[in-house]
Amino acid sequence: MRILSFIFLGIWLTACQPEDPMSSLTETSYAWQLPAGFPAPIESPDHPTTVERVALGKRLFYDAILSEDLSLSCASCHLPEKAFAHDVPISPGVHGRLGLRNSPTLTNVGYVPRLNKDGGVPKLDIQSLVPISDVNEMNLTMDEAIARLNADADYRSEFQRAYGTDASLYNIPRALAAFMRTLISGGSPYDRFTQGDQTALSPAAQRGMELFFSERLACGSCHSGFNFSNETFVNNGLHLDYGQDPGRQRVTIDSADIGSFRVPTLRNVALTAPYMHDGSLADLEAVIAHYNQGGQGHPLQDERVRPLGLNAAEQRDLITFLEALTDTAFVNNTNFR
Amino acid sequence: MWKQSMLLALLGSALLLTFSACEDDPVDRKDSDVALSFEYEVDGQDFNYEQVYDINGVATKFYAVQFYLGGMEFKPSSGDAVSVSDYLLVKPGMTTDALVTLDKGDYDQLNFFIGVAPEDNDQTENDFTSRPADDPLAPQPSDQPQMHWNWNTGYIFFRIDGEVDTDGDGTPETAMEYHVGTNNFRTDISLNLSKEIRDDATMLSIGLDVAKLFNGLDLATESISHTGDFPQRARTFADNWPAAISLK
């Protein structure tokens with residue numbers, strides 16, 4: 001009898017527990033598939049990448065719900081077929097507003113230690129707050145973003161599954177970061193060549209590669225490592241006057257940093273025209289011509305940017321090499337679309 | 001009968017003892033709960049957001065005058081300084097709850113800084129998205145002036161928004177914005193306290209003369225600094241804080 005009483009009491013107590021159908025936290029570790037020679041992307045210890053977070057971030061990335069007038073998604077300015085860059089100098093934001101900078105590629109963005117072209121944001125986990133709230137980009141307050149997402153039953157369910165909570169200032173940018181970390185590209189002809197496939201690069205591309213890494217050109221002194229970037233900030237002499245956008249100086253308040261911008265990855269660079277921080281160089285020919293000229297001669301220009309004396313054939317070879325950094329499997333990867 | 005009387009007397013005594021034991025004896029406290037209040041003024045005039053002030057000859061109206069205060073430290077005449085880890089987001093007329101309990105006695109100095117310490121400003125560990133809503137370093141509600149830059153590491157240490165008169169008609173019509181931050185502009189303040197703290201509760205009143213913040217700045221031509229765009233203006237502005245803050 002006493003046992004029966006306990007059973008009934010137990011049933012009664014559990015029946016009184018309020019059910020929370022939304023609470024369904026699931027944490028399936030994301031299995032990184034890393035190209036040879038690639039380390040794991042940078043992750044915050046408090047935010048491990050999970051399958052659920054990546055899926056939620058992907059949905060957010062392609063959803064215009066995060067723009068003021070529901071007209072733009074992240075993918076509006078980061079097109080998969082352009083290696084998640086955009087083919088205009090400055091991408092128009094809501095109401096056609098223009099900012100100051102060209103949309104960067106998101107290729108291997110999970111390896112970038114300081115985000116934005118001036119390095120103002122120290123981790124990918126919070127970077128997407130910049131375009132979401134920027135008046136010239138998506139122009140949405142995070143209060144409104146949170147309200148919109150939590151008013152959507154599907155999104156609420158997905159946030160509960162990925163984070164065990166509703167959408168918040170904490171988890172919206174982190175879900176987007178989880179997806180962006182998976183945008184890993186290391187399957188170009190250059191990669192196959194370095195892994196032993198001697199047929200992967202044409203003779204012209206091989207000549208261009210030798211030029212690229214030569215002491216004479218020293219392109220590889222900045223565009224170094226597995227991701228073709230040493231992640232420093234350099235004034236490459238693009239302009240004599242940087243006008244409204246002083247680059248890294250905007251962050252450091254150090255006049256020595258005027259005109260310095262983050263060295264970008266060159267992976268998939270043939271897909272990411274136009275080039276430079278402001279999209280002012282239309283194609284790779286213009287980029288090579290800029291460096292061959294030795295820049296514009298800005299007083300703070302890096303000393304490695306100097307006249308190179310490249311002839312026309314050498315310039316073509318360099319471009320052929322840069323084109324061999326295109327990873328078609330990456331841009332066609334349906335997991336990213 | 002005698003026994004009954006004795007029993008009643010004993011019971012009565014026991015009850016008396018019990019109740020008297022439950023009463024709180026007034027005990028002299030040896031410490032004091034210390035809170036802060038902030039009184040803004042503009043060159044001797046009371047501060048309010050409706051009034052137009054003359055700042056160095058320029059008609060000026062304010063919409064927001066607020067700043068972060070951190071690193072508080074009370075230095076007694078003898079013994080170790082007492083630190084307060086909390087940050088305050090100071091706004092006009094603000095009065096805090098008790099921030100710290102100090103031993104009663106003589107105190108010489110109140111030190112603090114205007115701004116946010118580098119370890120809290122760099123956003124690498126506890127960034128602003130990780131903080132609870134009631135933390136002054138959490139993002140402000142969207143209908144309030146924001147105190148952080150999301151495109152750049154860290155917080156706006158001091159934020160002043162308003163309008164200034166640039167056409168000389170005495171009516172402010174041009175936006176005035178001083179949003180100053182980054183680690184270089186964190187400003188140390190040391191106030192001569194010279195106070196004997198002897199009450200159980202102590203309210204210290206800190207004054208801010210907003211006019212003094214613009215010494216050396218011509219708001220008719222220098223109405224904007226977001227730090228990086230006009231760093232020299234930001235420098236002048238930040239350097240004016242120690243003279244603008246006082247203990248009332």
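**Group meeting: the A–B interface and selected features of chain A**

Good morning. I begin with the interface, where the contact, meaning heavy atoms within 4.5 Å, takes 21 residues from chain B and 21 residues from chain A. The model is a predicted one, in which local features need pLDDT of at least 70 and side-chain atom pairs count only at pLDDT 80 or more, while totals for chains, interfaces and linings use all residues. Residues are numbered from 1 along each chain as its sequence is written, chains are lettered from A and ligands numbered from 1 in the order in which they are written, and side-chain values use heavy atoms, with hydrogens and water left out.

Chain B and chain A bury about 1600 Å² between them, 55% of it from carbon and sulfur atoms; buried area is the accessible area (1.4 Å probe) that two parts lose on being put together, summed over both. Of the area that chain B buries against chain A, 39% comes from Thr129(B), Asn150(B) and Trp151(B), more than from any other three residues.

Asp127(B) and Arg174(A) form a salt bridge through their side chains, at 2.7 Å from N to O. The side of chain B that touches chain A comprises 6 nonpolar, 12 polar and 3 charged residues. In this classification Ala, Val, Leu, Ile, Met, Phe, Trp, Tyr, Cys and Pro are nonpolar, Asp, Glu, Lys and Arg are charged, and the others, Gly among them, are polar.

Within chain A, consider helices α2(A), residues 51-61, and α7(A), residues 171-181. Helices here are DSSP runs (H or I, at least four residues), and strands likewise (E, at least two), numbered from the N terminus. The two axes, lines fitted to C-alpha atoms over the stretch in contact, with angles running from 0 to 180 degrees between N-to-C directions, come within 7 Å and cross at roughly 100 degrees. α2(A) is therefore roughly perpendicular to α7(A), a term covering 65 to 115 degrees. Their contact includes Leu56(A) and Phe61(A) of α2(A) and Ile172(A) and Phe179(A) of α7(A). By class, 10 nonpolar, 1 polar and 2 charged residues take part.

Lastly, the loops of chain A. Arg101(A) and Asp245(A) form a salt bridge at 2.7 Å, N to O, linking parts of the chain 144 residues apart. The peptide bond from Ala273(A) to Pro274(A) is cis, and Pro274(A) is in the loop between β2 (261-262) and α11 (284-293) of chain A.

Notes: Salt bridge = Lys/Arg side-chain N within 4 Å of Asp/Glu carboxyl O. Parallel < 35°, antiparallel > 145°, perpendicular 65-115°, else oblique.
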